[in-house]
Amino acid sequence: MDRRLPADLELAVEQIKRYVPIIAPYYADPTPLGEYSDGLRHRPRHQVHVHRQEQLARAARRVAAATFGTDAPVVEAADLTAVNIVDHHQLLNHPLLLGTNVIANAARLLNGDVTRPIVTLSCSNVPPSNYYLRNGFRFRGRRVTYFSHSEYRDVIYHAPSRTFDFVSRLRRGGRSAEFTPADRDFLVHYEEVLNKLGPGDRDRHRDQIAMALRATWPMLFRQPVPELLYLNAEEVTRNLLIELLAGDDHIVATLLDPVLRADVLDTFRGVVVAWDEATGTGTHFFWRRHPDHRQLLRMYVDGDRLVPHDPRFAEWSVPLRRQALMDHLRCDDLIPAVSLQVSMLLYAGVRPLVGPGSLVYFRRFADGWVRLLNRHGLDEEAALVADVDTGGLIAGTPLFFDRAEDGVRTLYATDVLGNGGVDTTYLRTVLSTPLRDVLTVGAGGVYDLFANSYIPPDERLDVRVGFDEAATAVHRWI
């Protein structure tokens with residue numbers, strides 16, 4: 001493709017490839033996106049992984065039943081062999097998150113196969129104020145909120161269910177006139193769709209989000225597609241761990257055996273999503289429900305206990321003993337951290353379908369586990385982890401666009417919904433685009449993600465190329 005990219009975007013791509021070399025091959029891959037997607041399918045080669053994925057499926061079914069009630073589809077192990085991993089549990093919204101389930105399931109979206117659901121594991125240990133949510137969503141280039149400013153430090157995991165009220169918020173703020181009459185009608189309709197789903201039986205906003213994703217995903221398309229089930233990754237891990245704690249394996253020993261536990265803490269210290277006690281970041285294995293707020297307490301191992309990092313809550317420590325952990329997990333007082341979620345997926349042989357950031361930390365966790373298990377004479381377990389392919393990159397780029405007067409406009413989810421979705425012709429065309437070109441459009445956002453952690457300070461660029469400008473240069477077909 002003859003593309004004339006802005007100079008600073010070209011430099012940003014070169015720096016990404018140089019300083020985060022694990023991602024470099026993707027930016028050079030000419031494979032059409034649909035063909036690349038077909039290669040993401042995965043079947044376990046080891047009977048041990050088959051057994052563990054059955055265990056994972058049991059945990060997923062329990063979470064699905066708690067989330068969707070009697071209407072819950074039956075999740076099977078085959079639905080979990082390769083799974084989209086999303087760091088943010090929220091309504092369909094940001095372009096960098098919107099396309100992931102399309103890339104991960106391209107063939108099924110085009111061939112009419114709707115027999116099995118698409119299962120995605122998403123993390124809800126994020127506040128409503130996070131970068132991708134910003135207390136609501138974007139529509140026609142404007143923010144539409146349904147969380148209040150007083151909730152900005154809460155976590156979605158503990159947020160209660162609510163009535164969606166973004167239309168009245170716009171009216172009270174005198175902002176309705178920012179939208180055309182047709183767009184105002186759509187927002188009214190969208191709010192009605194979300195509120196008709198109900199709050200769920202457990203008064204949890206994370207259940208509302210899962211129901212909303214299931215209901216609105218088909219609205220992105222003008223042809224039948226498999227239904228989309230977002231299962232909360234913390235809950236799936238919690239349910240699986242309760243089952244595993246009834247037995248003995250290296251995952252359980254990680255928590256109960258002081259020698260192995262100390263090696264795990266040393267091995268993953270400083271890895272993104274793990275922990276670094278010196279800087280007071282991350283948590284050891286679990287977060288603890290805050291006793292007073294809809295937030296979480298950071299926990300560090302101290303002897304044979306998990307102790308809150310904040311000394312004001314020292315009484316909320318938890319013994320690192322089998323029954324105590326099971327009891328606290330059953331009560332939902334301990335919430336598995338991302339580090340434990342990643343470790344459990346590697347243990348089960350699931351191929352994670354990931355974004356640029358998680359591409360790096362999944363690889364670091366896999367390599368760390370292989371070295372650690374070999375050190376402790378667990379060579380067979382090390383070989384099982386080494387066999388897990390963590391290179392399924394499916395995020396880091398927008399996929400939905402529209403033609404604007406001055407070029408190409410990137411669409412947020414609500415824009416696509418308000419337009420009535422995209423047709424099969426659009427999907428076939430975007431999926432025929434080379435992977436390297438698709439990823440280049442999102443390179444500015446990926447650069448921002450990597451800059452502080454990987455790019456030397458004296459070489460960092462001020463990349464001002466947005467998705468629209470990049471898409472205008474790359475996507476000549478729109």
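Reader: Before we start, what should I know about the model and its numbering?

Author: The model is predicted, so local features need pLDDT of at least 70 and side-chain atom pairs count only at pLDDT 80 or more, while totals for chains, interfaces and linings use all residues. Residues are numbered from 1 along each chain as its sequence is written, and side-chain values use heavy atoms, with hydrogens and water left out.

Reader: How do I read the angle between two helices, and at what angle do H14 and H15 cross?

Author: First, the names: helices (H or I, at least four residues) and strands (E, at least two) are DSSP runs, numbered from the N terminus. Axes are lines fitted to C-alpha atoms, for helices over the stretch in contact, and angles run from 0 to 180 degrees between N-to-C directions. Here helix H14 (residues 338-348) and helix H15 (residues 356-375) have axes that come within 10 Å and cross at roughly 65°. That makes H14 roughly perpendicular to H15; the classes are under 35 degrees for roughly parallel, over 145 for roughly antiparallel, 65 to 115 for roughly perpendicular, and oblique for the rest.

Reader: And which residues make the contact between H14 and H15?

Author: Contact means heavy atoms within 4.5 Å. On the H14 side you'll find Val338, Ser339, Val342, Ser343, Leu345 and Leu346, and on the H15 side Tyr361, Phe362, Phe365, Ala366 and Trp369. Sorted by class, that's nine nonpolar, two polar and no charged residues. For those classes, Ala, Val, Leu, Ile, Met, Phe, Trp, Tyr, Cys and Pro count as nonpolar, Asp, Glu, Lys and Arg as charged, and the others, Gly among them, as polar.

Reader: How is H15 placed against H16: roughly parallel or roughly antiparallel?

Author: H15 and helix H16 (residues 379-386) pack at an angle of about 165°, with their axes 8 Å apart. That makes H15 roughly antiparallel to H16. From H15, the residues Ala366, Trp369, Val370, Leu373 and Asn374 meet Asp379, Glu381, Ala382, Val385 and Ala386 of H16. This contact divides into seven nonpolar, one polar and two charged residues.

Reader: What does "buried" mean, and which residues of H12 are buried?

Author: Buried means under 20% relative accessible area, exposed over 50%, and partly exposed in between (1.4 Å probe, protein chains only). In helix H12 (residues 258-268), the buried ones are Leu260, Arg261, Asp263, Val264, Leu265, Thr267 and Phe268. They pack against helix H11 (250-256), strand S6 (275-276), strand S9 (296-302) and H15. Take Asp263: at 15% relative accessibility, Asp263 counts as buried. Leaving aside neighbours within four places in sequence, Asp263 is in contact with Leu372, Arg375 and His376.

Reader: Which residues other than glycine have a positive phi?

Author: Asn135 is one of them, with phi near 70°. Asn135 sits in the loop between strand S2 (118-122) and strand S3 (136-139), and its 5% relative accessibility makes it buried. Arg140 has a positive phi of about 55° too, in the loop between S3 and strand S4 (142-145). Arg140 counts as partly exposed, at 25% relative accessibility.

Reader: Which residue's side chain makes a polar contact with the side chain of His158?

Author: That's Arg289, at 3.2 Å. His158 is in the loop between S4 and helix H7 (166-172), and it is buried, with a relative accessible area of 11%. Beyond residues up to four places away in sequence, His158 touches Arg289, Arg294, Gln295, Leu296, Asp332 and Ile335.

Terms used. A polar contact is a pair of N or O atoms within 3.5 Å; within protein, one must be able to donate a hydrogen and the other to accept it, and residues adjacent in sequence count only if both atoms are side-chain atoms.
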